[in-house]
Amino acid sequence: MREIEKTFRNLKARGEGALIAYVTAGDPKPEYTPRIVDALINGGADIVELGIPFSDPIADGPTIQAATLRALKAGTTPRMVLETAKEIKEKHDTPIVILTYYNPIFRMGLEKFLTLARKCKVDGLIVPDLPFEEASTYKEVAESHEIDIIFLAAPSTSIERLEKIIESASGFLYLVSLYGVTGTREHIQDSTVKLIEKFLPYTKNRIPMAVGFGISKPEHVKKIVESGADGAIVGSAFVNIIRKNKRSFRKMLREIEENTCKLKKAT
Amino acid sequence: MPEILIVALEELEDAYKKLEEDLEFKRALQNYLSKYAGRPTPLYYAENLTKKVGGPKIYLKREDLPHGGAHKINNTLGQALLARRMGKRRVIAETGAGQHGVATAMACAVLGLKAEIYMGTEDIKRQRLNVFRMKLLGADVHPVKSGSKTLKDAINEALRDWVTNVQTTYYLIGSVVGPHPYPMIVRDFQSVIGCEIKEQIQKEEGRLPNGLVACVGGGSNAMGTFYPFLENSEVRLYGVEAGGCSLESGKHAASLCAGSEGVFHGMLSYVLQDEWGQIQTTQSISAGLDYPGVGPELSFLKSIGRTEYVYATDDEALQAFQELSKLEGIIPALEPSHALAFAVKLAKTMSRDDILVVTLSGRGDKDVEVVADRLGVQI
């Protein structure tokens, strides 16, 4: 059994949902990332998503756009991010998922990218701008390297498409909670709860469903998990902590760990 | 493209396909193109320029004359009518030079739609006049401060808006770029340029030209010029990109000449990128060519050898801009000034019996400030 599946299974047995934590790798500097991830894992993150910074992040709001710019300015490359994953995996069993737009993969070459990802013990990949119908080769290559491919579903996704996406996906299904880009929101919309309830009968016993976009507070996480989702994905909230504490690394790590702890308790 | 937009793209494709048999739509578009936008545009024999160069007969396809001063209105009228058909009352668009923004604002005004235009702050600075025009036409202009603050980031921001408001909003892309079906839709609406050239040159000269020259940013006027001629293999097709300072300096926007294959803005095409696939910022005197990607069909035509791509530098474009103004009394936009600069070079290698057609994709009124600044003139 692969690590991501194992993680969700163990959590389920304990009656918990997964806390999936996202940070943009290399923000504010590449050498900070492993310690930031330590703090996330020590705080209780069940899965960590590392974002490869890309020049044109069309699915991201201002928070992650700014993180991307900081990481790129600091010289972060896709290879560095994958090697950071390896460094993390030497210390932790926690599954590491790489989130990247498609062009950095395409530029390196699909086979080369996935070979390197495998070598760096990456457990899964999320490519937010690659719809499943364009992904057949990518899926094959990822499967051959035993890397989970995590597809996204959105409020606009029909049940017919959802069925096909679930068939193609492994690891978990990433449900985009709302019409919009990444970034913190004050409340979880009722439509998000309805969306989870609508898709749940199709994912149940087939693939874990994790919900992302606009989830930043413990009460958000609680609501998502109570609605029946198997996990909640929190990103911009962590990126905000990193941005606010650029000058005090120790405070940054402490706040990340504390915040993770609070979020995890809500699962 | 993000999953959230896939359904909208499929809906768009379905709605567009239905237009093929929609006589009412065709009549409406035809009516707006002729009575509102002023089509057909003339194919003008530039005798003074021809004499000066001493080569082939040079014709100019006067896309500087349609309403709004550029070819952009051909596409915006088509797509705005389509938006109305689809029941979407809110239209968003990106703009570089501002010509597409103006043309979108015009089409939306006349068709009773709400237009919101995304424009990089860098472009707002160099195209202030167009910003004010858009506002006069009732559009909202959203300044885009992210990334390079030019066209590429305006597209990013428009896409982010679309992801958020896709249920109520039509995204009116201004060039043959972006995810399918946009490159096809924009090409089809712009093909009126090439179709008219074909008819007009037959009438004038009784034959097809030896070559067609058009500037290439995203590639809409080039694709519109070339498309009806793809079947005529004897007609050579030249796309002229923005060479900026020079290709060697890296400060340019010549995706086809100097780029490599990449996936960007929902298309597989030539892009300017670094070794890690990060999209690079571009530089050109003309805001309309300042884009690090290019239409996928133009890339395809390169791969099969049907088109030839070259570039003109800022300085060459600037010279052609002044030359045409003085010789023919036509102030061209800086974008087609690139095409003119190359056409003059090309003409010197051709015979007097040959015919060359250059698409003059816009007029230069919007550029006079930039040009004055470059020439060190205070106005």
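Colleague: What is the area buried between chain A and chain B, and which atoms give 56% of it?

Modeller: Buried area is the accessible area (1.4 Å probe) that two parts lose on being put together, summed over both. For chain A and chain B that comes to about 2,700 Å², and carbon and sulfur atoms give 56% of this area. On the chain A side, A:Ile58, A:Arg107 and A:Tyr179 lose the most area to chain B, together 26% of what that side buries. Please keep in mind that this is a predicted model, in which local features need pLDDT of at least 70 and side-chain atom pairs count only at pLDDT 80 or more, while totals for chains, interfaces and linings use all residues. Side-chain values use heavy atoms, leaving out hydrogens and water; residues are numbered from 1 along each chain as its sequence is written, and chains are lettered from A and ligands numbered from 1 in the order in which they are written.

Colleague: How many residues does each chain bring to the contact?

Modeller: Chain A brings 36 residues and chain B brings 31 residues, where contact means heavy atoms within 4.5 Å.

Colleague: What makes B:Glu3 and A:Arg161 a salt bridge?

Modeller: A salt bridge needs a side-chain nitrogen of Lys or Arg within 4 Å of a carboxyl oxygen of Asp or Glu. In this pair the closest N and O atoms are 2.7 Å apart, so the pair qualifies. The count between the two chains is 3 salt bridges.

Colleague: Which parts of chain A supply the side that touches chain B?

Modeller: Helix 3 (62-73), helix 4 (78-91), helix 5 (102-108), strand 6 (152-153) and helix 8 (159-168) of chain A each supply at least two residues. Helix 5 gives the largest share, 6 residues. These names follow DSSP runs numbered from the N terminus: helices are H or I with at least four residues, strands are E with at least two.

Colleague: What makes chain A as compact as a globular protein of its length?

Modeller: Chain A has 12 helices and 9 strands. Its radius of gyration is 17 Å, close to the 18 Å that the globule rule gives for 267 residues, so chain A is as compact as a globular protein of that length. That radius is taken over C-alpha atoms, and the rule is 2.2 Å times the number of residues to the power 0.38.

Colleague: And how does the radius of gyration of chain B fit a compact globule?

Modeller: Chain B has 16 helices and 12 strands. A compact globule of 379 residues would have a radius near 21 Å, and the 19 Å of chain B agrees.

Colleague: Why is B:His265 called buried?

Modeller: Buried means under 20% relative accessible area, exposed means over 50%, and partly exposed lies in between (1.4 Å probe, protein chains only). B:His265 has 7% relative accessibility, so it counts as buried. Its place is the loop between strand 9 (260-264) and strand 10 (267-271) of chain B. Leaving aside residues up to four places away in sequence, B:His265 touches several residues, among them B:Met1, B:Lys152 and B:Tyr291.

Colleague: What makes B:His265 and B:Tyr291 a polar contact?

Modeller: The rule asks for a pair of N or O atoms within 3.5 Å; within protein, one must be able to donate a hydrogen and the other to accept it, and residues adjacent in sequence count only if both atoms are side-chain atoms. The side chains of B:His265 and B:Tyr291 are paired at 2.8 Å, so the distance meets the cut-off.

Colleague: Is A:Arg250 buried or exposed, and how do you know?

Modeller: A:Arg250 lies in helix 12 (residues 249-265) of chain A. With 71% relative accessibility, A:Arg250 counts as exposed.

Colleague: Which residues are joined by a cis peptide bond in chain A?

Modeller: A:Asp27 and A:Pro28 are, with omega about -5°. A:Pro28 lies in the loop between strand 1 (18-24) and helix 2 of chain A. In chain B, the bond from B:Arg39 to B:Pro40 is cis, with omega near 0°.
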